[in-house]
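Open the model in your viewer and keep the selection tool at hand. The stops below say what to select and what is there.

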Amino acid sequence: MCGIVALIGSREAAPQLLEGLRQLEYRGYDSAGIATIERTATGSGQLHCLRAEGKLINLTNRHAAQGAPGQCGIGHTRWATHGKPEERNAHPHLDGSGLLAVVQNGIIENHRSLREELQAVGVDFRSDTDTEVIPHLVSRRLAELRAGGALASGTLLLQAVQDVLPLLQGAYALAVVWAQVPGALVVARRAAPLLIGLGEGEFLCASDTPALAGFTRTILPMEDGEVALLTPLGIELYDAAGTRVQRTPTLLSGTEHVADKRSFRHFMLKEIHEQPETAALWVARHLPVGGATGPLVALPLDDALLDGLERVQLLACGTSRHAAQVGAYLLEQLAGMPTDVFFASEFRYGPPPLSPHTLTVGVTQSGETADTLAALAMEQERRRAMADPAYAPRLLGITNRPESSLGRLVDAVLDIGAGIEVGVAATKTFLGQLLAFYGLALALAERRGGSINGRSPEALRQLVDQLRLLPEQLRALVADHDRRCEGLAHRFVDTRDVIFLGRGINYPIALEGALKLKEISYIHAEGYPAGEMKHGPIALLDAQVPVVSIAMPGSVFEKVLSNAQEAKARDAQLIGVGPEGPDTEVFDVLLPVPAVDELLSPLLTVIPMQLLSYHIAAHRGLDVDQPRNLAKSVTVE
Ligand code: M6R
């Protein structure tokens with residue numbers, strides 16, 4: 001989704017802005033732009049603005065041809081919300097004089113009324129965006145302040161922005177430059193991320209860490225409602241009330257913020273291959289080797305979060321919701337904990353009645369998904385409003401980005417530690433989320449003691465022992481299915497629809513298989529609980545519609561095989577995901593997965609789903625890492 005980069009210092013800004021935008025490309029965008037302020041002999045400056053539709057290379061070429069000098073500037077990659085993805089809607093947006101430029105992430109919800117108000121006093125709009133009201137409002141405020149005798153300065157720009165922010169409803173991160181003060185940059189955020197990177201005599205602001213990684217490791221994440229004035233000499237940070245704030249910068253950890261494709265053709269393929277490592281790290285961090293007596297899992301959760309828990313509610317979107325569905329199955333079947341899964345986007349507008357002693361979990365790899373954050377914030381608020389402490393909010397986040405907005409909202413975080421994921425299609429973060437749920441379910445099961453759903457404490461310990469084998473199993477599986485799925489991809493050249501079937505704990509994996517295929521190959525795909533086929537979707541089947549069926553030994557194995565037979569009788573091409581053996585001979589093609597405890601099987605069955613989608617899309621020559629219309633982190637509602 002949209003990305004912001006802004007730089008002030010003593011070197012040419014444009015190359016660093018373009019590099020920062022390149023690091024944010026993975027988030028998804030459809031146009032890009034930069035504006036720089038060149039200091040002129042008079043001491044004031046000249047604004048240079050370049051914008052281009054489509055990929056960043058178009059903007060880079062324009063910069064090579066026209067240049068954009070100056071040591072202060074702002075840049076943006078836009079993912080269209082208000083107005084088509086055309087150059088005139090690309091950021092930066094300018095005021096009427098062409099001296100002031102703004103880039104913004106998020107949505108200004110009251111932009112229509114602000115636009116009408118400005119148009120009524122003669123302001124001309126050049127774009128269809130919500131953002132364009134901001135430069136006009138700041139410019140009008142600057143004119144008012146200057147009419148009162150104020151001189152152009154960074155402080156004046158700061159004040160004008162501070163005065164305008166209360167007029168804006170919605171979520172935003174923004175950066176503003178003004179040709180009258182070439183040595184000043186003003187940035188602000190509300191409900192959208194923005195970080196300040198501290199270099200030597202220069203500052204780089206960005207909406208996401210990859211843009212900062214090659215620049216500095218010292219960062220100052222801005223808090224909600226904060227505004228900052230940056231000059232080459234330093235940072236002035238203010239809270240929403242206008243009070244000056246002092247905060248110590250933090251350090252970006254490790255190299256996980258650097259995006260590197262290594263020798264893989266696409267980031268998605270590299271990230272699928274990284275899953276054994278994701279699992280190995282999780283095992284090392286969370287499964288203590290304590291013999292028969294130590295704790296089953298080590299999780300960084302306070303007792304207060306889990307004591308006396310009666311219910312869990314999971315809020316998530318897309319792939320994260322599929323992980324939550326597997327999680328709900330585990331929490332109920334392993335820990336006996338009643339659990340509900342919600343689409344975060346639906347929860348906010350129709351939440352269930354409040355239940356006491358409830359843990360609310362936001363599941364989001366990016367930690368920035370607006371729907372999930374809004375749903376969590378709403379739940380926090382309505383629970384805080386209750387006098388009865390039984391209803392007090394208990395918020396947990398499951399994320400790959402503990403430093404994200406989610407991390408700041410919740411009481412505790414389970415960091416899935418998968419390292420940066422660049423491919424828009426989530427793969428290793430999905431596995432990481434699944435593992436977080438295995439950890440949570442085992443921890444809760446252990447706290448309850450005794451047998452739950454026929455699983456004794458000894459059986460839980462055996463499950464943990466099997467989890468320790470996961471990295472090696474994944475290593476073999478990824479290598480094997482990479483080859484097999486590549487060989488299968490040509491069969492899907494003319495395919496228009498695919499059905500994915502699963503039952504029980506593998507039903508969410510069927511949903512995930514269908515979502516992955518849709519996202520990157522643009523083939524229509526649907527996931528169903530296998531038993532539902534006969535209630536309608538079976539009407540779609542014929543020889544042109546492949547059916548991918550997950551058939552793992554356990555409580556529903558025979559049922560799934562029968563459902564597969566029903567599809568076969570309608571001439572569908574059957575692709576099975578399950579163990580080799582006489583039972584699975586019903587399938588035209590088998591993507592073999594070793595027989596493991598049914599409860600652990602999603603950790604394996606997801607691999608062929610990911611690789612099948614990947615190879616079908618790659619075979620079609622599609623942009624696997626940045627599929628059309630999609631964004632890596634969806635920061636608008
Ligand atoms: O960052 P999140 O996990 O909150 O993202 C939620 C969805 O937008 C995301 O899972 C989306 O469905 C992915 N593109 C899936 O591959």
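Residues are numbered from 1 along each chain as its sequence is written, and side-chain values use heavy atoms, with hydrogens and water left out. The model is predicted: local features need pLDDT of at least 70, side-chain atom pairs count only at pLDDT 80 or more, and totals for chains, interfaces and linings use all residues.

**Stop 1: Ser 127**

Select Ser 127, in the loop between helix 3 (111-120) and helix 4 (133-147). Is Ser 127 buried or exposed? Ser 127 is buried, at 2% relative accessibility; buried means under 20% relative accessible area, exposed means over 50%, and partly exposed is in between, with a 1.4 Å probe and protein chains only. Apart from neighbours within four places in sequence, Ser 127 is in contact (heavy atoms within 4.5 Å) with Arg 88, Asn 89, His 93, Arg 115 and Glu 132.

**Stop 2: a cis peptide bond**

Select His 91 and Pro 92. The peptide bond from His 91 to Pro 92 is cis, with omega near 0 degrees. Pro 92 sits in the loop between strand 4 (72-78) and strand 5 (93-94).

**Stop 3: positive phi**

Most residues other than glycine have a negative phi, and most peptide bonds are trans. Select Ala 191, which is not a glycine but has a positive phi of about 60 degrees. Ala 191 is in the loop between strand 8 (185-190) and strand 9 (195-198), and is partly exposed at a relative accessible area of 44%. Next select Asp 571, where phi is also positive, near 70 degrees. The loop that holds Asp 571 runs between helix 18 (557-568) and strand 24 (574-578). With a relative accessible area of 55%, Asp 571 is exposed.

**Stop 4: helix 8 and helix 16**

Two packed helices are described by the angle between their axes and the distance between the axes. Axes are lines fitted to C-alpha atoms, for helices over the stretch in contact, and angles run from 0 to 180 degrees between N-to-C directions. Select helix 8 (residues 275-286) and helix 16 (residues 470-488), whose axes are 8 Å apart at an angle of about 180 degrees. The two are therefore roughly antiparallel; angles over 145 degrees count as such, under 35 as roughly parallel, 65 to 115 as roughly perpendicular and the rest as oblique. From helix 8 the contact uses Gln 275, Pro 276, Glu 277, Ala 279, Ala 280 and Val 283, and from helix 16 Leu 470, Pro 471, Leu 474, Arg 475 and Val 478.

**Stop 5: helix 17 and helix 19**

Select helix 17 (residues 507-521) and helix 19 (residues 602-619): their axes come within 9 Å and cross at roughly 20 degrees. That makes helix 17 roughly parallel to helix 19. Among the residues in the contact are Ile 509, Leu 517 and Ile 520 of helix 17 and Val 606, Met 609 and Tyr 614 of helix 19.

Stay on Tyr 614, in helix 19. At 1% relative accessibility, Tyr 614 counts as buried. Beyond four places in sequence, Tyr 614 is in contact with residues including Arg 265, Met 268, Ile 520 and Val 624. Which distance separates the C-alpha atoms of Tyr 614 and Glu 486? They are 8.7 Å apart, although the residues are 128 apart along the chain.

**Stop 6**

Select helix 12 (residues 370-384). In this helix, 11 of the 15 residues are buried. Leu 373, Leu 376 and Met 378 are among the buried residues. What covers them includes strand 16 (311-316), helix 11 (344-347), strand 18 (358-363), strand 19 (395-399) and helix 13 (405-409).

Then select Thr 364, in the loop between strand 18 and helix 12. Thr 364 is buried, with a relative accessible area of 2%. Not counting residues up to four places away in sequence, Thr 364 touches Ser 320, Thr 369, Thr 372, Ile 398, Thr 399, Asn 400, Leu 406 and Gln 433.

**Stop 7: after helix 10**

Finish at helix 10 (residues 318-335). Of its 18 residues, 14 are buried, so helix 10 is largely enclosed by the rest of the structure. Just after helix 10 comes Gly 336, with a positive phi of about 60 degrees.

Technical notes. Helices (H or I, at least four residues) and strands (E, at least two) are DSSP runs, numbered from the N terminus. The expected span of a helix is 1.5 Å times one less than its number of residues.
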